[in-house]
Amino acid sequence: MRSKEDRSFAIAGKVFKSRLILGTGKYANFQIMREAIEASGTELVTVAIRRVNFENPQENLINYLPLDKVELLPNTAGCYTAEEAIRVARLASELCDTNLIKLEVIGHEKTLLPDILATIEATKILAKEGFIVMPYTNSDPVAAMKLLEAGAACVMPLASPIGSGQGFLDFTSIELLMEIIPSDVPLIVDAGIGVPSDASQAMELGADAVLVNTAIAKAQNPVLMAEAIKLGVEAGRKAFLAGRIPKVRYASASSPLEGRVGS
């Protein structure tokens with residue numbers, strides 16, 4: 001069960017005030033990307049290393065990031081084997097000067113669902129090399145525990161397929177995952193968030209943070225959507241800490257009959 005204690009969101013000892021992580025892909029241009037990042041209040045942004053043009057400063061998205069406000073989280077997007085992901089992670093460490101890595105090993109080209117066995121294999125190797133591994137996974141509790149045993153610093157289950165904007169398709173599995181994963185292990189909902197209410201629901205369930213990209217980048221107004229999702233995350237976290245009322249089958253009067261005048 002996720003703790004109701006109002007603890008900080010931290011990855012390997014690094015504390016972040018914002019519980020919203022942003023992706024940097026799919027924006028119309030780098031200027032809009034930067035404005036959305038600033039509006040979101042995020043302190044951690046993912047960068048797909050294989051898609052960064054390090055040879056041309058004008059096309060290198062990292063040069064457009066507010067690096068005085070955010071920390072880079074390189075990812076292994078586009079990798080389909082453990083070997084490929086490990087190679088990209090090592091390259092990311094050199095290019096970005098960080099041991100943080102968002103590990104993605106895709107198992108199916110159309111669904112972009114993770115290859116869990118390959119992800120566990122890559123996690124073991126990278127964790128031994130000193131990487132802080134943040135793996136993209138499904139909502140299977142067994143897979144999550146295997147990843148933690150392999151050395152993962154957190155678990156990042158999807159709400160629904162990457163970029164689909166469908167939000168949560170099934171609350172049962174994610175709720176079970178929340179119960180089984182130790183409270184001191186960050187749980188970050190990654191993929192499928194479409195609107196602020198989806199982000200809020202993730203936080204209401206007890207997630208420590210959410211990662212959002214497409215919902216903001218492809219919105220009609222990305223900057224405004226970034227601000228909206230920021231507020232959704234904040235509202236959801238407060239609701240989780242406050243504790244919702246239990247769901248009941250029948251109505252419960254707001255004004256009890258007991259003690260009323262004339263009774």
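These legends describe an overall view and several close-ups of one predicted protein model. Residue numbers start from 1 along each chain as its sequence is written, and side-chain values use heavy atoms, with hydrogens and water left out. In this predicted model, local features need pLDDT of at least 70 and side-chain atom pairs count only at pLDDT 80 or more, while totals for chains, interfaces and linings use all residues.

View 1. The C-alpha trace spans about 80 × 40 × 35 Å along its principal axes. Of the 263 residues, 48% count as buried. Buried means under 20% relative accessible area, exposed means over 50%, and partly exposed lies in between (1.4 Å probe, protein chains only). Take the contacts with a separation of 6 or more: residues 24 or more positions apart account for 66% of them. A contact means heavy atoms within 4.5 Å.

**View 2. Asp-140 sits in a loop.** This loop runs between β7 (132-137) and α4 (141-150). Asp-140 is partly exposed, at 34% relative accessible area. A polar atom of its side chain lies 3.0 Å from the backbone nitrogen of Val-142. Such a polar contact is a pair of N or O atoms within 3.5 Å; within protein, one must be able to donate a hydrogen and the other to accept it, and residues adjacent in sequence count only if both atoms are side-chain atoms. Leu-176 is 36 residues from Asp-140 in sequence, yet their C-alpha atoms are 8.6 Å apart.

**View 3. Phe-9 and Phe-16 form one of three aromatic pairs.** Rings of Phe, Tyr and Trp (its six-membered ring) pair if their centres lie within 6.5 Å; planes under 30 degrees apart count as stacked, over 60 as edge-to-face and the rest as tilted. Here the centres are 5.9 Å apart and the planes are at 40 degrees, so the pair is tilted. Phe-9 is buried at 2% relative accessibility. Phe-16 is buried too, at 5%.

**View 4. Phe-168 and Phe-171 make a stacked pair.** Their ring centres are 5.2 Å apart, with planes at 25 degrees. Phe-168 is buried at 11%, whereas Phe-171 is partly exposed at 30%.

**View 5. Cys-79 and Cys-154 are buried cysteines.** Each has a relative accessible area of 0%. The model has zero disulfides, a disulfide being a pair of cysteine sulfur atoms within 2.5 Å.

Technical notes: Helix = DSSP H or I, 4+ residues; strand = E, 2+ residues; numbered from the N terminus.
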